[in-house]
Amino acid sequence: MANKKLVAVFSASGVTKRVGEEIARIAGADFYEIVPKEIYTSADLDWMNKKSRSSVEMNDSSARPEIAGDALNMASYDTVIVGFPIWWGVAPRIIDTFLENYDFSGKKVIPFCTSGGSGVGRSDTALHKDVSDDVKWAKGKQINRPNEAEIRHWLDEVL
């Protein structure tokens, strides 16, 4: 199990999932999709509507959407690559749920994001509060397309 890797992604539209699947393939990692217990509809994702589900969640720093499915055996992984779309400049609240639900002590956590309009920004460092202090963080990266050469180069830097 030495250096066993996991790519865990939340993807509302499928973009982050496609990138995450390519990262997992290239890295020889397991793939896990973080699926919300209540799937987001297009109305839920309407960032122009202050009352949409995503807007309400992102304006409430304590919001923790539930995750569907079985729990992971996180103890079997040394490195976890976490992917998410950028919402309001940071990771969606479900990523906080994911990070808070597992023990990442002693693991390397590598964030990546997808975004149509903004970069990583403070999203990668904002997640540090969700895990113990002994997590080894790599700098986050924005990857919007499953480009093999770009992903290989990035993985060479962070793994």
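Strand β4 and strand β5 (residues 136–137) pair in the parallel sense over two bridges, where strands are DSSP runs of E of at least two residues and helices are runs of H or I of at least four, both numbered from the N terminus, and where two strands are taken to pair if DSSP finds at least two bridges between them. The structure is a predicted model, in which local features need pLDDT of at least 70 and side-chain atom pairs count only at pLDDT 80 or more, whereas totals for chains, interfaces and linings use all residues. Residues are numbered from 1 along each chain as its sequence is written, and side-chain values use heavy atoms, with hydrogens and water left out.

With strand β3 (residues 79–85), β4 pairs in the parallel sense over seven bridges, and Phe84 is found opposite Cys113 in β4. Between β3 and β4 the chain passes through helix α3 (residues 93–100), and this β-α-β crossover is right-handed, a term that applies if, with the strands pointing away from the viewer, the path from the first strand over the helix to the second runs clockwise. Strand β4 itself, which spans residues 108–114, is mostly covered, six of its seven residues being buried; buried denotes under 20% relative accessible area, exposed over 50%, and partly exposed the range in between, with a 1.4 Å probe and protein chains only.

Helix α3 has seven of its eight residues buried, so it is largely enclosed by the rest of the structure. The buried residues are Arg93, Ile94, Ile95, Asp96, Thr97, Phe98 and Leu99, and what covers them includes β1 (5–9), β2, α2 (53–58), β3 and β5, contact being defined as heavy atoms within 4.5 Å.

Aromatic side chains were examined next. Rings of Phe, Tyr and Trp (its six-membered ring) pair if their centres lie within 6.5 Å, with planes under 30 degrees apart counted as stacked, over 60 as edge-to-face and the rest as tilted. By this rule the count comes to nine aromatic pairs. One of them is the stacked pair of Tyr32 and Phe98, at 6.2 Å centre to centre and with 25° between the planes. This pair links distant parts of the chain, since Tyr32 belongs to strand β2 (residues 30–33) and Phe98 to helix α3, 66 residues apart. Phe98 counts as buried at 1% relative accessibility, and Tyr32 likewise counts as buried at 13%. Phe98 also forms a tilted pair with Tyr102, at 5.3 Å centre to centre and with 55° between the planes, and Tyr102 is buried with a relative accessible area of 17%.

Elsewhere, Phe10, Tyr40, Trp87 and Trp88 form one aromatic cluster. The charged end of Arg53 sits over the ring of Tyr40, 3.6 Å from its centre, under a rule that requires NZ of Lys or CZ of Arg to be within 6 Å of the ring centre and within 35 degrees of the ring normal.

Ile143 lies in the loop between β6 and α5 (148–158) and is buried, with a relative accessible area of 0%. Not counting residues up to four places away in sequence, Ile143 touches Val19, Ile23, Cys113, Thr114, Glu150, Ile151 and Trp154.
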